[in-house]
Amino acid sequence: MVDLNPAALFGKGLSATDISNALNLQNLILPTGTVKVGTREYLIQLNSSPELISALNDMPVKTVNGAPVYMRDIAQVRDGYQVQTNIVRTDGKRSSLLTVLRHGGASTLAVVDGVKKLLPAVEATLPPALRITPLFDQSLFVRASVSGVVREATIAALLTGLMILLFLGSWRSTVIVCLSIPLSILTSLIVLGLIGETINVMTLGGLALAVGILVDDATVEIENVHRNMGIKGKSLVRAILDGAQQIAVPAFVSTLCICIVFVPVLMLSGAAKYLFTPLSMAVVFAMLTSYLLTRTVVPTLVHYLLPVEIPLYQEGAETSSAAKSSRTHLARSPGVRTGISRRCATRTIVSSIVYWNIGSWLEGAFAIFAFASLGLVLFVGRDFFPYVDSGQMRLHVRCPTGTRIEEVERIFGAVEEEVRRVVPPQELEHNPRQYWSFRIPEINLAFSDKTATSGSGDGEILISLKPKHHPTIEYTRQLRTSLAARFPAETFFFQAADITSQILNLACPRRSTCK
């Protein structure tokens, strides 16, 4: 660090450039050549750097009027630090911030896990007074999203199995049908991995969407096999073959009808392409796999699990045949036939009148409801993606140009107090995940977005809320109003805080409010 004396510089007719040139030219370590001694060759260096920093004060700068001007005459060289142009505060206390970013091909969860695994070893090398605390962990939102989708898919699979058991009435048939769900999902994940996709919220969302329809093909085939098993004299193998053959084409067509709906998604461009293409491919791969399972695995499982149920379906066929025969003999009686005809004619007329009245009323009510619903378009907003309440806020504060950093710290302290006034203390995270920082642009322009801090008067306030909190957007609206009223000279705007909003926003800030 060189502290210049402006008055002495002016008196000697020198400038700061002369000081810089003198230091750069005389404080050098340069290779000058080699020397050969015996069997060895040594590199010779010219060391013009003094051993002590204080010796730099004796360095000549320039000759003025025949007298040399030394560094001590116009400046002081000392072991110091760069002038502070940034401050980081965590819960109102001075701190140092180290941001870890991942490149596009890395996994957020893998990077965060690796950093957390290294922290204990790094902390062991530091003085006891220093404490390392992870701040604003974006992997928490990713983990919560993935686990939430997995949980919902599991619940959907269980409910689907319960519904199938309720209607089929056979636990063996239910097991056969429900096996299509995990097998189809696993196959879809394998194919997605082969084409370079990952397990993320969109692919898991597509699989969760397909859970309910993955069992359609297997259910139809099981029901048709049951019908063929009820035909007396038909063996189990023949019932399986006939049942599978009879529904092969209809099931294939119905599967393609579902898959073809997602084909236009592949023609999307821009951010929508990268969002919805993995979702559609997950659904299509799972559906095609479910159809292939009905051609292979399902018939095999029926052959091994359902032989014990053949007598049940055979008895049901005989009972239905006997009941049908008795109804036929009863209907052949002339008196019964005449009475039934009169009653049916009367009931038909009454039913037609009631049906016409009810049908007309329902059609009119539905038409009115449909046209009235079109008016909601004027009140429902439009957005690229649904709002994600991650419990995080990113407030950018810009002080007037030229504000000293000491004054900026005072202003940010007042903004911090206003934030704590608007957001209830019981909803704020009291651990250091919540932090305030205002930083310099020289470094942040390389590792931030387009609205990185442009000077010592710029900064960001990152706020994290507890899991159970009021809607974050409500606090955002309140802070816009209160901050603009209390700090009219400063500029405030909110940016995308969570990882999902930042990705959907294409890494560009979403300015909500200015001054």
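**View 1. Two aromatic pairs are counted in this predicted model**. Rings of Phe, Tyr and Trp (its six-membered ring) are taken to pair if their centres lie within 6.5 Å, and planes under 30 degrees apart count as stacked, over 60 as edge-to-face and the rest as tilted. Phenylalanine 252 and tyrosine 291 form a tilted pair, 5.2 Å centre to centre and with 50° between the planes. Because phenylalanine 252 belongs to helix 11 (residues 248-260) and tyrosine 291 to helix 12 (residues 271-295), the pair ties together parts that are 39 residues apart in sequence; helices here are DSSP runs (H or I, at least four residues), numbered from the N terminus. Phenylalanine 252 is partly exposed, at a relative accessible area of 38%, whereas tyrosine 291, at 12%, counts as buried (buried means under 20%, exposed over 50%, partly exposed in between, with a 1.4 Å probe and protein chains only).

**View 2. Phenylalanine 487 and phenylalanine 492 form a tilted aromatic pair**. Their centres are 6.0 Å apart, with 55° between the planes, and both residues are buried.

**View 3. The charged end of arginine 72 sits over the ring of tyrosine 70**. The distance to the ring centre is 4.6 Å, and the rule asks that NZ of Lys or CZ of Arg be within 6 Å of the ring centre and within 35 degrees of the ring normal.

**Notes.** Residues are numbered from 1 along each chain as its sequence is written, and side-chain values use heavy atoms, with hydrogens and water left out. In this predicted model, local features need pLDDT of at least 70 and side-chain atom pairs count only at pLDDT 80 or more, while totals for chains, interfaces and linings use all residues.

Technical notes. Helix = DSSP H or I, 4+ residues; strand = E, 2+ residues; numbered from the N terminus.
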